[in-house]
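Okay everyone, thanks for coming. Let's have a look at the structure on the screen and walk through it together.

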Amino acid sequence: MDVSIINNFTGGALSLLYSAGPVAKGVVIILFVFSIVSWTIIFYKLKEYSRVEEDGERFIRVAREADSFKRLITSYRETPRNPFYKLIYASYREITARQKDNPGTKTGLIPAVENALKITITDEMERLEKRVSFLATTANTAPFIGLFGTVWGIMDSFREIGLRGTTSLSVVAPGISEALISTAIGLAAAIPAVLAYNYFNGRLKRILSKMENASMYIINLIEK
Amino acid sequence: MKEETWFKWMVISTILHFIVITALTIPFKKSTKRIDLSSSYSVNLVGSLGGTGEKIGITEGRGVEGVPRTEPVPEKKEVRATPKKGPPPKPQRQTPVRREKEALSLSKKKVAQKPLKEKDVPSKDELSRLEERIREIKKRTEYFDVTKARSPVVQGGQGGQTGSLKGGSSGVGFGGEGGLRPIDPNTQRYILGVWERIKESWGMPGIASYKKDLETIVTIKIRKDGRIVDINMEKRSGNKIYDESILRVLRSVDPLPPLPSTVETDTIEIGFRFLPGELS
């Protein structure tokens with residue numbers, strides 16, 4: 001190893017990368033991209049889910065007080081992006097479509113509204129789940145990508161030992177520590193992704209149950 | 001609107017990543033310089049016994065020997081002509097004395113009710129015993145500074161000779177049981193030659209980046225024919241790579257040229273102090 005590598009022992013952990021080979025650098029860059037994207041998803045989804053949960057709470061508060069579906073529609077005014085508003089809108093559209101020809105009829109109305117609500121819930125959950133799967137991808141692949149960089153680096157440093165014919169610590173250590181940093185970065189990218197993925201899954205379940213509750217409220221109010 | 005927020009979070013996450021990267025790149029550099037371990041090594045152990053000991057200790061020993069106190073060479077490291085073989089045995093020799101003292105006062109505590117006074121003012125008997133002890137230690141740890149000494153003196157011994165060679169201005173000393181005898185310039189030259197040789201072959205990549213206060217003290221035993229029979233690391237610097245490089249260079253210079261004929265003993269022991277400043 002040349003002077004610069006040993007110098008780097010006094011530098012920070014990542015300064016080891018200055019002297020790393022192209023494979024190690026490529027691996028680290030890929031891992032950084034993974035990490036940046038997964039953190040973007042984490043921030044974005046945190047914001048989105050907390051907003052959806054707030055909307056759901058507000059919806060249930062309004063639905064408890066409302067005594068009819070008409071009342072619910074008039075009192076719950078929201079942005080069209082709100083999934084709970086979408087539930088109301090879907091059921092309203094279904095009712096108006098059914099009652100256009102013979103107004104006042106209720107036969108077969110409830111199952112039709114139920115189906116419409118189910119479709120809406122599935123659509124909305126799909127939208128909310130979008131990109132969360134990338135977190136799972138990061139969690140699964142980032143350690144392996146890092147491991148690949150490490151194995152490659154250790155291969156390199158062993159070849160170096162063979163070429164030099166010495167096995168002293170000063171020859172072996174820099175190569176190995178340089179190689180290990182890619183595993184470290186891989187883990188650093190994967191661990192937050194795993195945590196966030198599990199957390200978001202729990203939150204999605206809560207949102208789903210809230211939406212199902214909301215659809216029950218809507219059906220009850222229609223039946224009244 | 002959705003894409004806008006997406007890009008907003010993307011930018012924030014990228015910025016956070018770069019902050020983390022820079023944070024990981026910087027901080028180590030500063031922290032390595034703070035530790036200062038080596039400065040406390042040449043402490044005058046005799047001084048710990050009190051005023052009397054300090055006075056009679058090494059400082060006076062110097063005067064007795066007639067070696068002028070050399071001022072530290074400004075551009076190099078301080079010439080601390082502390083005996084190298086000396087320090088390790090010192091504490092061992094010293095502790096019994098201290099313990100005796102404590103034991104005395106303790107036993108008095110049990111008998112009489114004024115132990116404090118006894119402790120504060122050691123009795124004449126104790127003092128004289130301490131002085132005797134100090135003189136003994138002093139005798140064993142005589143040293144002199146090869147480069148500065150006007151009239152080199154060696155205490156010829158039966159085998160166990162100690163030298164110390166330090167920094168740029170190498171202080172080499174011999175300690176032994178026998179009486180005073182002028183060191184012959186051949187031996188002196190030989191030791192300096194050995195040091196030069198070690199210095200030449202002691203190369204280490206990236207040495208300039210090491211802390212300047214790394215200090216390793218090694219004593220080697222050289223047989224008459226120049227073979228190194230024993231390498232003893234008296235003090236490790238704490239940096240394994242650094243210590244390893246020293247051991248390697250010592251092994252690589254073996255065998256050394258045979259000892260000058262003026263050396264009567266079978267082996268001589270020389271202490272070296274390795275400082276990174278030597279190389280850069």
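This is a predicted model: local features need pLDDT of at least 70, side-chain atom pairs count only at pLDDT 80 or more; totals for chains, interfaces and linings use all residues.

So, Arg131(A): find the loop between α5 and α6 of chain A, and that's where this residue sits. What about the backbone here? Phi of Arg131(A) is near 75°, a positive value in a residue other than glycine. Just for background, most residues other than glycine have a negative phi.

How many helices and strands does chain A have? Seven helices and zero strands. Reading from the N terminus, you get α-α-α-α-α-α-α. Of the 224 residues in chain A, 46% are buried. The accessible surface of this chain is about 11700 Å², and 61% of that belongs to carbon and sulfur atoms. Now take the contacts in chain A between residues at least 6 apart in sequence: 79% of them join residues at least 24 apart.

Now, how do the helices sit against each other? As a reminder, two packed helices are described by the angle between their axes and the distance between the axes. Start with α6(A) and α7(A): they pack at about 175°, and their axes are 8 Å apart. So α6(A) and α7(A) are roughly antiparallel to each other, since anything over 145 degrees gets that label. Sort the residues in that contact by class and you find 22 nonpolar, eleven polar and one charged.

Then there's α2(A) with α5(A). Their angle is about 150°, with the axes 11 Å apart. That makes this pair roughly antiparallel as well. Which residues of α2(A) meet α5(A)? Lys45(A), Glu48(A), Tyr49(A) and Val52(A), and on the α5(A) side they meet Arg127(A), Leu128(A) and Glu129(A). By class, this contact of α2(A) with α5(A) has three nonpolar, no polar and four charged residues.

Stay on α2 of chain A for a minute, and find Thr40(A) in that helix. Is Thr40(A) buried or exposed? Thr40(A) has 0% relative accessibility, so it counts as buried. And look at what Thr40(A) touches, once you skip its neighbours within four places in sequence: Trp6(B), Trp9(B), Met10(B) and Ser13(B). Those partners carry the chain B letter.

Phe32(A) is also in helix α2 of chain A. Again skipping neighbours within four places, Phe32(A) is in contact with His17(B) and Ile21(B). Here's another pair to click on: Phe32(A) and Ala188(A) are 156 residues apart in sequence, but 9.7 Å apart in space, C-alpha to C-alpha.

In soluble globular proteins, nonpolar side chains tend to be buried together. In our model, the largest nonpolar core has 42 residues. Which ones have the most contacts inside it? Phe59(A), Phe69(A), Leu72(A), Phe84(A), Ile218(A) and Ile222(A). From chain A, α2, α3, α4, α5, α6 and α7 each supply at least two residues of this core, and so does α1 of chain B.

Of its 280 residues, 42% count as buried. Chain B exposes about 15600 Å², with 57% of it from carbon and sulfur atoms. For contacts in chain B between residues at least 6 apart in sequence, 74% join residues at least 24 apart.

Last stop: Ile231(B), in strand β5 of chain B. At 28% relative accessibility, Ile231(B) is partly exposed. Setting aside neighbours within four places, what does Ile231(B) contact? Val218(B), Thr219(B), Ile220(B), Leu247(B), Leu250(B) and Arg251(B). Finally, Ile231(B) and Gly271(B) are 40 residues apart in sequence and 9.8 Å apart in space, C-alpha to C-alpha.

How values were computed:
Residues are numbered from 1 along each chain as its sequence is written. Chains are lettered from A and ligands numbered from 1 in the order in which they are written. Side-chain values use heavy atoms; hydrogens and water are left out. A nonpolar core is a set of buried Ala, Val, Leu, Ile, Met, Phe, Trp, Tyr and Cys residues joined through side-chain atoms within 4.5 Å. Buried means under 20% relative accessible area, exposed over 50%, partly exposed in between (1.4 Å probe, protein chains only). Helices (H or I, at least four residues) and strands (E, at least two) are DSSP runs, numbered from the N terminus. Contact means heavy atoms within 4.5 Å. Accessible areas come from the Shrake-Rupley method with a 1.4 Å probe; for residues, only the protein chains shown count as cover. Axes are lines fitted to C-alpha atoms, for helices over the stretch in contact, and angles run from 0 to 180 degrees between N-to-C directions. Angles under 35 degrees count as roughly parallel, over 145 as roughly antiparallel, 65 to 115 as roughly perpendicular and the rest as oblique. Ala, Val, Leu, Ile, Met, Phe, Trp, Tyr, Cys and Pro count as nonpolar, Asp, Glu, Lys and Arg as charged, and the others, Gly among them, as polar.
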